[in-house]
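Hi everyone, thanks for coming. Today I'd like to walk you through a few charged side chains and the partners they pair with.

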Amino acid sequence: MFGRKKKTQESKFPYDPALHEPVIRSSICTGEKVAGFRDRKGGTLHEVSLVNDYPAMQRFLDTYGLKEGDVRTIY
């Protein structure tokens, strides 16, 4: 009844370079960083993961086959 939820496999965002731009959104106030993809047409941000250290950033890059130069920071 009050058991833990079973972990489901994380679904990978369907990243298409023609439609989405990889970005890191950084908060000016708190410095919190979130990795995600911004829609090239509408500008909608699809948040994928929290980036709180370098290994988290590397996991994001490795998961989607990106390089650090491909990702830009937005505020």
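A quick word on terms: strands here are DSSP runs of E, at least two residues long, and they are numbered from the N terminus. Please keep in mind that this is a predicted model.

Let's start with glutamate 21, which sits in strand S1, residues 20–26. Is glutamate 21 buried or exposed? Its relative accessibility is 16%, and buried means under 20%, so glutamate 21 counts as buried.

Who are its neighbours? Leaving aside residues up to four places away in sequence, glutamate 21 touches Gly36, Phe37, Arg38, Arg40 and Arg72.

Now for the salt bridges. How many are there? The count comes to 3.

One of them pairs glutamate 21 with arginine 38, with the closest N and O atoms 3.5 Å apart. Arginine 38 belongs to strand S2, residues 33–39, so this pair ties together parts that are 17 residues apart in sequence. Arginine 38 is partly exposed, at 23% relative accessible area.

Glutamate 21 also forms a salt bridge with arginine 72, and here the closest N and O atoms are 2.6 Å apart. That pair links strand S1 to strand S4, residues 72–74, across 51 residues. Arginine 72 is partly exposed too, with a relative accessible area of 39%.

Then we have arginine 25 and glutamate 47, whose closest N and O atoms are 2.8 Å apart in their salt bridge. This pair connects strand S1 with strand S3, residues 45–50, and the two residues are 22 apart.

To finish, shared partners join Glu21, Arg38 and Arg72 into one salt-bridge network.

Terms used
Residues numbered from 1 in each chain as written. Predicted model: local features only at pLDDT ≥ 70, side-chain atom pairs only at ≥ 80, totals over all residues. Heavy atoms only, no water. Helix = DSSP H or I, 4+ residues; strand = E, 2+ residues; numbered from the N terminus. Buried < 20%, exposed > 50% of the residue type's maximum accessible area, 1.4 Å probe, protein only. Contact = heavy atoms within 4.5 Å. Salt bridge = Lys/Arg side-chain N within 4 Å of Asp/Glu carboxyl O.
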